[in-house]
Amino acid sequence: MEYLQKIYDNNNLNKEELIGFMKSLNSENSNKLFEAANKTRKKYYGNKVYMRGLIEFSNICRNNCLYCGLRASNTKVKRYRLTTNEILECCEEGYRLGYRTFVLQSGEDMWYTKEILVDLIKKVKEKFPDVALTLSIGERPYNEYESFFKSGADRFLLRHETASKKLYEKLHPDMLFEDRVDCLNNLKEIGYQVGAGFMVGLPDQGYEELAEDLIFLKNLEPDMIGIGPFIPHSATPMGNEQGGTIDKTLIMIALVRLLVPDVLLPATTAMGTLNPQGRELALKAGANVVMSNISPISVRDKYQLYENKICIDDEASKYSGYIEKRINAAGFILDTTRGDSIKYLCLK
Ligand code: 5AD
Ligand code: SF4
């Protein structure tokens, strides 16, 4: 395990070393990796787990990502859009329950113009000035990103999905990997706390491609990194593919913690969907964020990027107590502050 010592000490490994390390890992020795990642997380963030309230405000999307249940060509989904007032109501309920970060997520739905979103962002921040607002709405022009930031948006999530240009463009018809990278760089330049991330277990994704994801993230140095297993959705062209495993995803989470030690790293819903203990396992492998759904229950079953998504009918109020118990049982403490990335706090 010389690679483990090296990545723990230096927060770095080159591509060949990463591939060698990944190849050497199995169910017996990966526990050592998880322990090292957990120790690194503790060094930077202690035992804290940050909570985010997720509002899925529209499931309408112009894109056709081959893996996603919300792709434009999927006619089986009942589409919905929440109004500004409905979104504000979710925020109110979320605030009452103690959430101090709201994540506004949607497909790439251009019905929400720059003006509509600017108005929404201003209203949220006016009503809840002590809350961090995160957008996860896909690719937009520079000037829109800039207006949203100036209106009060603090953070932006835009997963790179895969750092292999070839695989990216196979999975995303009519999208370019360069555009994705441009968007991420624009968001950073504007001043957002930026989140990138990728799926594990995509077809044609081998050690080489995974190492590219890790190196991409190491170079980008985002504030947040979302990693989850690919889960095939039957109403997509990838419905019969294999899908990612918990074990491999845990390894990637731990490697990311070691390479980008100060990152905010969620234990994703996709992990909890594959395994009832998936999110706890992710926390123990270096993750330190949990997102809970505070969208209206009536729309939750319509926001299925993948099938059998968990927590579709949990009342937000009951759920927040329940998740805290689970976080405590896993040995962590819930932190209900905004939970900014320490890199951002140091630069401020
Ligand atoms: N399985 C797992 N994750 C998915 N996403 C979209 N579809 C799937 C799927 N079938 C992820 C993408 C996207 C995020 C919001 O959800 O990485 O960026
Ligand atoms: Fe749209 Fe996002 Fe799904 Fe792609 S992953 S189809 S951009 S909702």
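Start by selecting Ser 30, Leu 33, Phe 34, Ala 36, Ala 37, Asn 38, Thr 40, Arg 41 and Tyr 45: these residues of helix α3 are buried. The model on screen is a predicted one.

Now extend the selection to the whole of α3, residues 30-45. The helix has 16 residues, and the distance from its first C-alpha to its last is 22 Å, close to the 22 Å expected at 1.5 Å a residue. An α-helix has 3.6 residues a turn, so residues three or four places apart point the same way. Keep that in mind when looking down the axis. Among the buried positions on α3 are Leu 33, Ala 37 and Arg 41.

Next, show what covers the buried residues of α3. The cover includes the helices α1 (2-10), α2 (15-24), α10 (246-259), α12 (278-284) and α15 (342-347), along with strand β1 (48-58).

Move to ligand 1 and select the residues around it: Tyr 67, Cys 68, Gln 105, Arg 159, Glu 161, Met 199, Pro 229, Phe 230, Ile 231, Leu 305 and Tyr 306. Coloured by class, this shell shows 8 nonpolar, 1 polar and 2 charged residues.

A polar side-chain atom of Arg 159 is 2.9 Å from an oxygen atom of ligand 1. A polar backbone atom of Tyr 67 is 3.0 Å from a nitrogen atom of ligand 1. For Ile 231, a backbone N or O atom lies 2.8 Å from a nitrogen atom of the ligand.

Conventions:
Residues are numbered from 1 along each chain as its sequence is written. Chains are lettered from A and ligands numbered from 1 in the order in which they are written. This is a predicted model: local features need pLDDT of at least 70, side-chain atom pairs count only at pLDDT 80 or more; totals for chains, interfaces and linings use all residues. Side-chain values use heavy atoms; hydrogens and water are left out. A residue is near a molecule or strand if one of its heavy atoms lies within 4 Å of it. A polar contact is a pair of N or O atoms within 3.5 Å; within protein, one must be able to donate a hydrogen and the other to accept it, and residues adjacent in sequence count only if both atoms are side-chain atoms. Ala, Val, Leu, Ile, Met, Phe, Trp, Tyr, Cys and Pro count as nonpolar, Asp, Glu, Lys and Arg as charged, and the others, Gly among them, as polar. Helices (H or I, at least four residues) and strands (E, at least two) are DSSP runs, numbered from the N terminus. The expected span of a helix is 1.5 Å times one less than its number of residues. Buried means under 20% relative accessible area, exposed over 50%, partly exposed in between (1.4 Å probe, protein chains only). Contact means heavy atoms within 4.5 Å.
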